[in-house]
Amino acid sequence: KAGDKSIKAILPALIDKGLTSNVTEVKAISIATLIKITKSARCLLIPHVHVLIPALLEATSEVEASEISLLSTRLGADAETQEKLDTARITAIASHPTMECATYVL
């Protein structure tokens, strides 16, 4: 019961404030904390998966720098270059801590 109360108290702050923060350090600490929680209290997160997974995916989507997106748009006509860029994007996203967290909680 104490663990469940702790999750209910801390999870909204981490998701609503931490993952959406414009401050890089705050976002990084929130992600690190979520990873620790998922590894130690995974079963307590089951009732919150419907909120946690979309928040993690949203945080992951913000990983890509605007420069990469612009480069992709400019190189869109060259299929081979676009494919290489897409492969690099997928690799970067798949190795991001938010994806590790999402994978672990599922």
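**Exercise 1. Overall dimensions**

Compare the radius of gyration of the protein, a predicted model, with that of a compact globule of 106 residues.

Solution. A compact globule of 106 residues would have a radius of gyration near 13 Å. The value for the protein is 16 Å. Next, take the extents of the C-alpha trace: along the principal axes they are about 55 × 25 × 20 Å. Finally, consider burial: 29% of the 106 residues count as buried.

**Exercise 2. Secondary structure and contact range**

State how many helices and strands the protein has, and what share of the contacts with a separation of 6 or more comes from residues 24 or more positions apart.

Solution. The count gives 6 helices and 0 strands. Read from the N terminus, the order of elements is α-α-α-α-α-α. For the contacts with a separation of 6 or more, residues 24 or more positions apart supply 63%.

**Exercise 3. The packing of H2 and H6**

Classify the arrangement of helix H2 (residues 24-40) and helix H6 (residues 97-105) from their axes, and describe the residues that meet.

Solution. Start with the geometry: the two axes come within 9 Å and cross at roughly 20 degrees. Angles under 35 degrees count as roughly parallel, so H2 is roughly parallel to H6. The handedness of the crossing is left-handed.

H2 contributes Ile 31, Leu 34, Ile 35, Thr 38 and Lys 39, while H6 contributes Pro 97, Thr 98, Glu 100, Cys 101, Tyr 104 and Val 105. By class, the residues of this contact comprise 7 nonpolar, 2 polar and 2 charged.

**Exercise 4. Thr 38**

Decide whether Thr 38 is buried or exposed, and name its contacts beyond four places in sequence.

Solution. Thr 38 belongs to helix H2. Its relative accessible area is 1%. Buried means under 20%, so Thr 38 is buried. With neighbours within four places in sequence left aside, Thr 38 is in contact with Leu 45, Leu 52, Cys 101, Tyr 104 and Val 105. Among these, Cys 101, Tyr 104 and Val 105 are also listed for H6 in its meeting with H2.

**Exercise 5. Pro 47**

Locate Pro 47, classify its accessibility, and give its C-alpha distance to Asp 4.

Solution. Pro 47 sits in the loop between H2 and helix H3 (49-61). The relative accessibility of Pro 47 is 51%. Exposed means over 50%, so Pro 47 counts as exposed. Pro 47 and Asp 4 are separated by 43 residues in sequence, and their C-alpha atoms are 9.9 Å apart in space.

Terms used:
Residues are numbered from 1 along each chain as its sequence is written. This is a predicted model: local features need pLDDT of at least 70, side-chain atom pairs count only at pLDDT 80 or more; totals for chains, interfaces and linings use all residues. Side-chain values use heavy atoms; hydrogens and water are left out. Axes are lines fitted to C-alpha atoms, for helices over the stretch in contact, and angles run from 0 to 180 degrees between N-to-C directions. Helices (H or I, at least four residues) and strands (E, at least two) are DSSP runs, numbered from the N terminus. Angles under 35 degrees count as roughly parallel, over 145 as roughly antiparallel, 65 to 115 as roughly perpendicular and the rest as oblique. A crossing is left-handed if the near helix is turned anticlockwise from the far one by less than a right angle, and right-handed if clockwise. Contact means heavy atoms within 4.5 Å. Ala, Val, Leu, Ile, Met, Phe, Trp, Tyr, Cys and Pro count as nonpolar, Asp, Glu, Lys and Arg as charged, and the others, Gly among them, as polar. Buried means under 20% relative accessible area, exposed over 50%, partly exposed in between (1.4 Å probe, protein chains only). The radius of gyration is taken over C-alpha atoms; the globule rule is 2.2 Å times the number of residues to the power 0.38.
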